[in-house]
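Visitor: I am new to this structure. Please take me slowly through its salt bridges and the places around them.

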Amino acid sequence: MSAKSTTRIASPHAPPSTTAGSRSMRVADPRFDEILASANDAIISIDESHVITLFNRGAERIFGYSAADIIGQPLDRLIPERFVARHGGQVRDFSAAPEASRMMAQRGEIYGRRRDGSEFPAEASISKFRGPDGLVFTVILRDITERRAAELILRGAHDELDRRVRERTAELEERNAQLQQEIHERRRAEKLLAEQARELARSNADLEQFASVASHDLQEPLRMVASYTQLLGKRYRNRLDGDADEFMGFIVDGALRMQRLINDLLTFSRVGSRGKGFQPVDLATSVAQVRINLRAAIDESGARISTGTLPVVNADATQMEQLLQNLIGNAIKFRKGPAPRVHIDARREDAAWRIEVQDDGIGIDARYAERIFVIFQRLHTAAEYPGTGIGLAICKKIVERHGGQIGVQSTPGEGTSFSFTLPDREETPHA
């Protein structure tokens, strides 16, 4: 709509126009025309009879009427029917009130009705002034459809956020309850572990006490039995019958085997409690000492012992020597015939060394690969192969003290390969 079609409103002190059929009022200042024309909000004036006297471009855009069509029409055409009566009462109350302006529908919403009958939410303020022909009411109205839609979207987003917050809060509360339960269970487990540690400490103390008793009190009677039985054998040899000589031999042999068993038990019990501190140990030097310790068995069997390149490891030197001596000694003991061959080698595996002791002996059935490391577990009788059945259990305990693992691979009749790992580290594992 052009500026020429914009209806003008008169100054409060200007006389009304006498143009036939027109109830509009003209203004003397043309600048006011432009202000009305350029306003985005609807600006509508009515007289005391609620007849429209002013309808600017913003009102034309919002309501869909042209000023020519709506000026002179009752205001009710712009109000939804359900609000007409209430709106009329509000205008009457305002006309009698002392204030010159107020916001409309402060306690609720107001709605406008477009030419096509559709409704829209609005925000409006009303003012009044008295002209020569009586009160003139002017409404400034804004279509808030888009804002209301945005508010609905925002409210929906807020509700969704609130829902997610409630759900997340519930999840966190549930997780917190689970964590509290886990903390409770962990504390209970730690308490149980502490009790078990105390019990283990008491058990170790008892074992230490037993070891002390075994090393002195138990071995002394055994030595006496063996010594006096041997003395009887020398003094009364051929003076008693053959059975007596055999029986005394059994007594001496039993006493000596009991002494060996006690000594092995002492060794087993002291792997952890009497172990020495860790330091660099050259395993080649350990094997050389084992050769010296096993010289009699090596000479008697004709064993050939060879080595590859062996590393320096951080370990208890005495226990490394004992570990290798037990494994090499077993390789010689469980040979198939004369001149057994034993080879000791090493290879790197990640952050550890794997040491292998291979032989060409009688081998071990795979069914017994775990059993042989259990204390007192023997696959042969003492008559077949002497020993107490503790040697490999000692080996396992030594390796585990050093933070490694021990295992065996074997084929009966084709030899055996014992291997154990030693972590390549400087720090000292717990005993």
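Guide: Here is a walk from one pair of side chains to another, with a few stops at nearby topics along the way.
Please keep in mind that this is a predicted model, in which local features need pLDDT of at least 70 and side-chain atom pairs count only at pLDDT 80 or more, while totals for chains, interfaces and linings use all residues. Residues are numbered from 1 along each chain as its sequence is written, and side-chain values use heavy atoms, with hydrogens and water left out.

A salt bridge here is a side-chain nitrogen of Lys or Arg within 4 Å of a carboxyl oxygen of Asp or Glu. Counted by this rule, there are 22 salt bridges.

Let us begin with E167 and R163, whose side chains meet in a salt bridge at 2.4 Å, N to O. The two residues are 4 apart in helix α5, so about one helical turn separates them. (Helices are DSSP runs of H or I with at least four residues, strands are runs of E with at least two, and both are numbered from the N terminus.) E167 is partly exposed at 39% relative accessible area, and R163 is partly exposed too, at 31%. Buried means under 20%, exposed over 50%, and partly exposed in between, using a 1.4 Å probe and protein chains only.

Helix α5 covers residues 145-235, and Y228 has its place there. Y228 is exposed, with 53% relative accessible area. Together with M224 and L231, Y228 forms a nonpolar patch on the surface, and the three have about 310 Å² of accessible area between them. Such a patch takes residues with over 30% relative accessible area and no salt bridge; nonpolar side chains (Val, Leu, Ile, Met, Phe, Trp, Tyr) are joined within 5 Å, and like charges within 9 Å. The areas come from the Shrake-Rupley method with a 1.4 Å probe, and for residues only the protein chains shown count as cover.

Now move on to D360 and R341, a salt bridge whose closest N and O atoms are 3.4 Å apart. D360 lies in the loop between β11 (352-359) and α10, whereas R341 is in strand β10, so the pair ties together parts that are 19 residues apart in sequence. D360 is partly exposed, at 23%.

On either side of this pair there are other things to see. A339 sits in the loop between α9 and β10 (341-349), and its phi is near 55°, a positive value in a residue other than glycine. A339 counts as partly exposed at 32%. Helix α10 spans residues 391-401, and its buried residues are L392, A393, I394, C395, I398, V399 and R401. Just after α10, G403 takes a positive phi of about 80°.

Next come E356 and R347, which form a salt bridge with the closest N and O atoms 2.3 Å apart.

A last stop is P121, which has its place in strand β5 (residues 119-131). P121 is buried, at 10% relative accessibility. P121 and D143 are 22 residues apart in sequence, yet 6.3 Å apart in space, C-alpha to C-alpha.
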